[in-house]
Amino acid sequence: MKNNTKKYNFPKRISRAFRLNFIKLFRSPGGAKKISLGFAIGFGLEMIVISTASLIYLLFYPIVRLSRGSLPAAIIGNVIGKLTFLPVLLLPVAHRLGRFIYPINIEGAKMPHHAFKAILSGDFQVLTDILYGGLHVLIGMSIIGACLGFVSYFVIYKVYEKQRELRLVKRHQRKNNVSSLESSPV
């Protein structure tokens, strides 16, 4: 049997994935505040996934539940954060921001050329350099994630309310169309 499903190119699949996730977001249970909060938490926590080596996912569910946000909305916000590649693009900015906020002077802060050989030979100074460099990124990405989460809360809240109003208008128009068809003589 032949499979008649249409194949889409990569950019079209990405745009369809965004659209599908937004449709899922607007149909998830809960009010606008709960959905906006869940999305903001998921989107904000995505910013620190790289700098925590994905260990933030251990705290993802408890953070969403304790803040009383929507878990499906948080997952969708996290996926959208992944699809935008913002965490990767903002790494240099986060490193500079973290270094500005928490300046640490480490001897030999530049990474040696053969870092892996140095670790194998027993020189663990490379690990402290990586740790402190990661600390700057973690601080910077935490601040950026909090700012982006804060902004996304209001954006999603506004978009959710706009979508809700459009659905109500369409429902009202359909109801009027059906009632006018029923009352008109045939």
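M141 sits at 1% relative accessibility, so it counts as buried (buried means under 20% relative accessible area, exposed over 50%, and partly exposed in between, using a 1.4 Å probe and protein chains only). Keep in mind that this is a predicted model, where local features need pLDDT of at least 70, side-chain atom pairs count only at pLDDT 80 or more, and totals for chains, interfaces and linings use all residues. Residues are numbered from 1 along each chain as its sequence is written, and side-chain values use heavy atoms, with hydrogens and water left out.

So what is around M141? The residue belongs to helix α8, with helices (H or I, at least four residues) and strands (E, at least two) taken as DSSP runs and numbered from the N terminus. Setting aside its neighbours within four places in sequence, M141 is in contact with M47, I48, S51, P87, L90, L91 and A94, where contact means heavy atoms within 4.5 Å. Take L91 from that list: M141 and L91 are 50 residues apart along the chain, yet their C-alpha atoms are separated by 7.4 Å.

F150, Y153, F154 and Y157 form one aromatic cluster. Rings of Phe, Tyr and Trp (its six-membered ring) pair if their centres lie within 6.5 Å; planes under 30 degrees apart are stacked, over 60 edge-to-face, and the rest tilted. That rule gives 5 aromatic pairs. One of them, Y153 with F154, is edge-to-face, at 5.2 Å centre to centre and 90° between the planes. F154 has 46% relative accessibility, so it counts as partly exposed. Y153 and Y157 make a stacked pair, with 6.3 Å centre to centre and 15° between the planes. Y157, at 28% relative accessibility, is partly exposed.

Now over to a helix pair. α2 (residues 32-46) and α3 (residues 57-66) pack at about 160°, their axes 11 Å apart. Axes here are lines fitted to C-alpha atoms, for helices over the stretch in contact, and angles run from 0 to 180 degrees between N-to-C directions. α2 and α3 are therefore roughly antiparallel (over 145 degrees; under 35 is roughly parallel, 65 to 115 roughly perpendicular, the rest oblique). On the α2 side, I41, G42, L45 and E46 meet Y57, F60, I63 and V64 of α3.
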